[in-house]
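Subject: A structure to look at

Hello,

Here is the structure I promised to pass on to you. Have a look at it first, and then read on for what turned up.

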Amino acid sequence: MTTPIGIHDLSLATTGYVLDLADLAAATGVDPDKYRIGLGQDEMSVPGPDEDIVTMGAAAALPILERHGRDRIRTLFFATESGVDQSKSAAVFAHRLLELPAACRAVELKQACYAATAALQAGIGIVARNPGEQVLVIASDIARYEVDTAAEPTQGAGAVAFLVSADPALVEIEPVVGVDTADVDDFWRPNDSVTAVVDGKLSIDAYLDGFTAAWDDYRARGGADIDAIGRFCHHQPFTRMAAKAHRRLAEHTGVDLPADRYETSTAYNRRMGNSYTASLYAGLAALLDGDDNLAGRRIGFLSYGSGSVSEFFTGVVGPDYREHRRGAQAQLDAREPVSVARYRELHAAAHLGSTHDVEIAPETRTRFHFAGIRGRARRYRS
Ligand code: CAA
């Protein structure tokens, strides 16, 4: 019998600030229902000057280490689209903040919003070879577009950390997966830009095409019948996209798929906004926290990263998952509201560069703080 491997624990963190999208709509003369209903978004997390992907990622991971210890972790994967250095991985910064053992590899993975799923699969491979080890995966991103564009209300920020382990308490990941890679210019971020370049309509089509291709590959490789998948968790750049994905799968398979099979997964992303690599796993956090009937059920996951890579995979929820709920809602409730003017100021100041030393004072109530640039290198405070 093969050892079950999957997600043993999972934890979410987000920023200290939040913008109500009704305020953004009022400031830009847009009907607020366009954001609330048309995009399925209510709020977006806004990072303070002392926050970045490393501080959010470490904050997400810390509770997991406090619950399970550090001794078995020999690998830290950090998945992100919004890397803070072209060479040094965000994983190395997080490794120090989290006081992980030196005998641990620390690596960053990138493929737009998809890389956390590559980290999950690589982690499963490592644990399969050495079932005594655990792999810590951190997915953390800040979604930034130009202001006054159609993409502006789909920004956001957040991190999800999860522990890959044998005999997982939360979700056993099944071995059959479907994958698809297609070279498409739907969304990307050139090295000299802090904001993403996006062809919004093309990105929606590319996502849906990637989904059906990954689904077809999954089925061709012996994946479960659609009727044997009780819940779905789709990548959510904005939560209405999950509705589009769900509808596409129903059309593609010719099977009626009621909305209650995915809707609970949108609860956190509606309030956090896009968190790129973390978004799919924030969907899982919301599903595990909000759905009381998951024990033994199979969840279908659609991971999509523009550019593009898609993966469809499944996991079966453990019998005692309700004992492991983490209540990420409190994190969202703790954010401090900011005005549109303050959010825009923070957005404009996001690119510090590295040529001048800058000291950043602690400002938000985050557990770890970005402290600025000294000697061209990034500094952090615990
Ligand atoms: N009340 C209710 N609904 C309204 C409305 C109102 N007053 N006004 C408009 N709407 C609806 C529209 O009918 C439309 O609905 P449908 O999608 O069902 O047609 C929806 O609101 C969006 O409106 P528009 O069609 O006018 O679209 P837009 O110009 O506002 O752009 C967008 C939307 C393309 C998603 C844009 O926000 C964008 O570019 N976002 C970033 C890219 C993105 O997230 N792409 C997703 C796939 S790529 C991916 O997944 C990777 C990733 O994470 C980035």
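A quick definition to begin with: a residue is near a molecule if one of its heavy atoms lies within 4 Å of it. Please also keep in mind that this is a predicted model.

**Around the ligand**

With that cut-off, 24 residues surround the ligand, and the closest are K34, A150, K201, S203 and K244. In K34, a side-chain N or O atom is 2.7 Å from an oxygen atom of the ligand. K201 places a polar side-chain atom 2.8 Å from a ligand oxygen atom. On its own, the ligand has 1100 Å² of accessible area, and the protein covers 74% of that. The ligand takes up the space of the second largest pocket.

**Where the shell comes from**

Which domains contribute to the shell around the ligand? Domain 1 (5–170 + 326–381) and domain 2 (173–319) each give at least three residues. Looking at helices, α2 (32–39), α6 (200–220) and α7 (239–253) each supply at least two residues of the shell. The largest share comes from α6, with four residues. Sorted by class, the shell holds 11 nonpolar, seven polar and six charged residues.

**Two backbone details**

While you have the model open, there are two loops to visit. In the loop between β12 (298–305) and β13 (309–317) you will find S308. The peptide bond that joins G307 and S308 is cis, with omega about 0°. The other stop is E99, in the loop between α4 (90–97) and β5 (105–109). E99 is not a glycine, yet its phi is positive, at about 55°.

Conventions:
Residues are numbered from 1 along each chain as its sequence is written. This is a predicted model: local features need pLDDT of at least 70, side-chain atom pairs count only at pLDDT 80 or more; totals for chains, interfaces and linings use all residues. Side-chain values use heavy atoms; hydrogens and water are left out. A polar contact is a pair of N or O atoms within 3.5 Å; within protein, one must be able to donate a hydrogen and the other to accept it, and residues adjacent in sequence count only if both atoms are side-chain atoms. Accessible areas come from the Shrake-Rupley method with a 1.4 Å probe; for residues, only the protein chains shown count as cover. On a 1 Å grid over the protein atoms alone, a cavity is a set of points where a 1.4 Å probe fits but cannot get out, and a pocket is an open set with protein on both sides within 12 Å along at least five of seven lines; lining residues have an atom within 4 Å of a point. A molecule sits in a cavity or pocket if more than half of its atoms lie within 2 Å of its grid points. Ala, Val, Leu, Ile, Met, Phe, Trp, Tyr, Cys and Pro count as nonpolar, Asp, Glu, Lys and Arg as charged, and the others, Gly among them, as polar. Domain bounds come from an automatic or database domain assignment.
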